[in-house]
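Please open the model in your viewer and keep a selection tool at hand. This tour moves from one selection to the next and says what is to be found at each stop.

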Amino acid sequence: MQTEREFAAEGITTREGCRWVDSNIKVVLTNVTYTGNLLLQKEYIADPISKQRRKNHGELPQYYVENTHPAIIDKATFDYVQSEIARRRKLGCFANKALNLSCFTSKLKCANCGRSYVRSARKRGQYVLWTCGSKKGRGKISCGAKDVPEEQLKRICCEVLGTDAFGSDLFSEKIEKIIVIGKDTMEFHFRDGSALKKKWKTTAKKDMWTPERKALWSAYNYDGGRNGTGVGFNEYVKRKEAQSNGEESNNDPGND
Ligand SMILES: [Zn+2]
């Protein structure tokens, strides 16, 4: 994808003046002919009457002829590219650096639709959420699965693994997958075959709060919360702000 865009940006086109696409770039990268050598009988005629051509996957012998023509790419570079393609194929989705990868990638599953959760950063990466892949791609209508804030996910993993600090190596070693069920349950599946259901409650809003708002939340609970103050937290905040602005709050308690 990136190479495709770079070629387009630099105005590099095919011989016919067309835009290079990924599949064509791959043909060039894997064609040994550019190294000045030839591999003969890559294809063969399967049926002499229809003249249908087939790829030779070992049905017939192949002949490798060296130095048949000037090389565009040296053989060492070509071999390196082939080993890199093989390495990335083995890595699967982890080979793509452009993706937001972490130890949670492809480990967090949506119980609702079965898709993996994907990472999404908000506010320039300060706040990271994990969202069901269907929900992120096609919106809430496709899947209403609950988002999981990354910080909270780490805290829950620490509780489950019995550690003070989160370590991605330990996580990868112990946990096979986590299934996010409904609004308040995560089902941890361990590599040893055991499983554990964990209740959780999102702290998404509170994680985004400013220190002032967090302090007010503590004060609100100290005052007894809704029962003690007679109002909801938002109303409580408004009153505190009005008070600190030197204004008198005219609102009736309990009228929240
Ligand atoms: Zn889902």
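Select Ser106, which has its place in the loop between helix H3 and strand E5; helices (H or I, at least four residues) and strands (E, at least two) are DSSP runs, numbered from the N terminus. The model is a predicted one, in which local features need pLDDT of at least 70 and side-chain atom pairs count only at pLDDT 80 or more, while totals for chains, interfaces and linings use all residues. Residue numbers start from 1 along each chain as its sequence is written.

Ser106 has a positive phi of about 65° although it is not a glycine. Most residues other than glycine have a negative phi. Ser106 is partly exposed, with 14 other C-beta atoms within 10 Å; a residue is called buried if 20 or more other C-beta atoms lie within 10 Å of its own, exposed if 12 or fewer, and partly exposed in between, with C-beta atoms placed from the backbone.

Now select Gln41, in the loop between strand E1 (38-40) and E2. Gln41 is not a glycine either, and its phi is positive, at about 60°. With 11 other C-beta atoms within 10 Å, Gln41 is exposed.

**A hairpin and a helix**

Colour strand E2 (residues 43-47) and strand E3 (residues 52-55), which pair in the antiparallel sense over four bridges; two strands count as paired if DSSP finds at least two bridges between them. Ile45 stands opposite Arg53 in E3. The two strands E2 and E3 form a hairpin with four residues between them, and in the turn Lys51 has a positive phi of about 60°.

Move on to helix H3 (residues 75-91), and ask how far apart its end C-alpha atoms are. They are 24 Å apart, which agrees with the 24 Å that its 17 residues should span at 1.5 Å a residue, where the expected span is 1.5 Å times one less than the number of residues. Of the 17 residues of H3, the number buried is zero, so the helix lies largely in the open.

Next, show E6, E7 and E8, three strands that form an open sheet in the order E6-E7-E8 with antiparallel pairing. Strand E6 (117-122) and strand E8 (148-149) stand at the edges, each with a single partner strand, so one side of each is left without a neighbour in the sheet. Six bridges join E6 to strand E7 (residues 127-132) in the antiparallel sense, and Tyr117 has Cys132 in E7 as its bridge partner.

Follow E9 into strand E10 (residues 185-190), to which six bridges join it in an antiparallel run, with Ile175 opposite Phe190. E9 and E10 form a hairpin with three residues between them, and Gly182 in the turn has a positive phi of about 55°. E10 is also joined by five bridges to strand E11 (residues 195-199), again antiparallel, and the bridge partner of His189 in E11 is Ala195. In the hairpin of E10 and E11, four residues lie between the strands, and Gly193 in the turn has a positive phi of about 100°.

**The whole chain**

Finally, zoom out and colour by domain: the assignment, which is automatic or taken from a database, gives domain 1 (2-95), domain 2 (108-204) and domain 3 (209-244). The C-alpha centres of domain 1 and domain 3 lie 66 Å apart. Along its principal axes the C-alpha trace of the chain spans about 90 × 50 × 40 Å. Of the 256 residues in the chain, buried residues make up 10%.
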